Amino acid sequence: MNQNQLDPRWDNQTLNYDLERHNWPEWALETAREVCPQLDSLENAHHYLTPSGVVDLGKHLQRACGGEEFLKRSDAYYGEYVPNLVDGDFQIQRFFTIRVVIPDQAHAGRLLSFHQGIWVGNGLGLRTIWTPFTRTWGSNTMQITSWEASDELTQRIYDEQWDHDRIQSECLARCWPVELDPGQAHLFQQHHIHGNINNDTGITRWSMDGRVLVQGGQWLRKMPGGYFRFVGERADDRPIDPNQRWITYAGWNTKFTRGIPLPMQRATIHEYLDPHGVKINDYQFENEFLDWLPDLRKFITSGNVDAIAMVSIYALPDNPQWREEILELAIEHGVELHFANELTSLRERADLDHIQRVLAFAPQNPDPNDLLGLDYESYT
């Protein structure tokens, strides 16, 4: 099956999961009570907290998605159900997304506009498991269209350049509410237009998004190895030696890095290094258009550097031969390469297996509109 086309298994289907083994509502309420112990139910959060307080509570659950308990739970959940829903290998979202819809949320500036995945960086190779923590119905739930309606609406939006209000009204006319009970989740793909309407049910709705990237699928801006991880994979937790001779390295020589400004590359690198107290000897960069990366090769072989921090594995050359040469040089000269976006590093030969697995997972990343046969070129 073409991983970028509609898969009937993900075409607005309901997943009935074992609530005893995967009790997500219980996890969410227990996690919420860590900072709001008076909370009697997730549905009543708006009775205890202001809209900004609900945001803070949602952030607490979001942070919990990076903890080991959540990672084990999500590995077990996706590891049980996803293999029967895809063909071949897959990765899952590294940090799941927590969603909260309070009553009358539009008047608090919280309404999620209608959209589809390719408009927010999600490639057509992605699949979404939408798992509510509370019962969903009517206006508190996600409103979604069919694939066929999404195709028609998208082309009309491009051709006629609709404004926000028309996008909302036309999409709403073709949508229906996703109605689920605890123990159920909704399966859909990135070309399904979806969004929210104002919640007039009187309860706060909580849910989580966890996306799947199928091997060989188009990923757009949600990168395999960075935004996604393999089931069972964890961030590289080996100690980082802050006393080594460190430099950071930036460049614009690959498909991925070409559009990332220098401050953004360095900000990502520092988010990775700063918790370890690393002091940088220098901030280096590559001359643009020298895509074989001669400066990086020199830093590795100079004997003056112990560790180099880069924004991503995808800052290595697109050319496989050049990429292999640089990785081998680093191993040969004992220079650590640290990849901030993927939370991983190359320190010994065994580390190559993971890096190569990531790079081989989804090497092609064509334009999703081309894959869908949609005409939007005149507006770019």
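## Cysteines

In this predicted model, the sulfur of cysteine 171 has its closest cysteine sulfur in cysteine 175, at 6.1 Å, which is too far for a bond. The cut-off for a disulfide is a pair of cysteine sulfur atoms within 2.5 Å, and a search of the whole structure accordingly finds zero disulfides. Cysteine 171 is also buried, its relative accessible area being 0%.

With a relative accessible area of 3%, cysteine 36 is buried.

## Nonpolar cores

The largest nonpolar core comprises 43 residues, and those with the most contacts inside it are Leu296, Ile300 and Ile308. Two or more residues of this core come from each of strand 11 (246–250), helix 7 (262–273), helix 8 (294–301), strand 13 (307–310), helix 9 (320–333), strand 14 (336–339) and helix 10 (352–361). Of these elements, helix 10 gives the most to the core, contributing five residues.

The surroundings of isoleucine 300 can be listed in detail: when its neighbours within four places in sequence are left aside, isoleucine 300 is in contact with Ile308, Ile326, Leu329, Ala330, His333, Val335 and Leu337.

## Aromatic rings and charges

The structure holds 17 aromatic pairs. One aromatic cluster is formed by Tyr17, Trp24, Trp27, Phe70, Tyr77, Tyr78, Tyr81, Phe96 and Phe133.

Arginine 135 lies over the face of tryptophan 137, at 3.9 Å from the ring centre, while lysine 222 lies over the face of tyrosine 227, where the distance to the ring centre is 4.7 Å.

## A three-stranded sheet

Strands of a sheet pair through backbone hydrogen bonds, either parallel or antiparallel. Here three strands, in the order 6-5-8, form an open sheet whose pairing is antiparallel. Strand 6 (176–177) and strand 8 (194–195) are the edge strands, each of them pairing on one side only.

Strand 5 (residues 143–144) is joined to strand 6 by two bridges, and the two strands run antiparallel. Within this pairing, glutamine 143 stands opposite proline 177 in strand 6.

Definitions and conventions
Residues are numbered from 1 along each chain as its sequence is written. This is a predicted model: local features need pLDDT of at least 70, side-chain atom pairs count only at pLDDT 80 or more; totals for chains, interfaces and linings use all residues. Side-chain values use heavy atoms; hydrogens and water are left out. Rings of Phe, Tyr and Trp (its six-membered ring) pair if their centres lie within 6.5 Å; planes under 30 degrees apart count as stacked, over 60 as edge-to-face and the rest as tilted. A charge sits over a ring if NZ of Lys or CZ of Arg is within 6 Å of the ring centre and within 35 degrees of the ring normal. Buried means under 20% relative accessible area, exposed over 50%, partly exposed in between (1.4 Å probe, protein chains only). A nonpolar core is a set of buried Ala, Val, Leu, Ile, Met, Phe, Trp, Tyr and Cys residues joined through side-chain atoms within 4.5 Å. Helices (H or I, at least four residues) and strands (E, at least two) are DSSP runs, numbered from the N terminus. Contact means heavy atoms within 4.5 Å. Two strands pair if DSSP finds at least two bridges between them.
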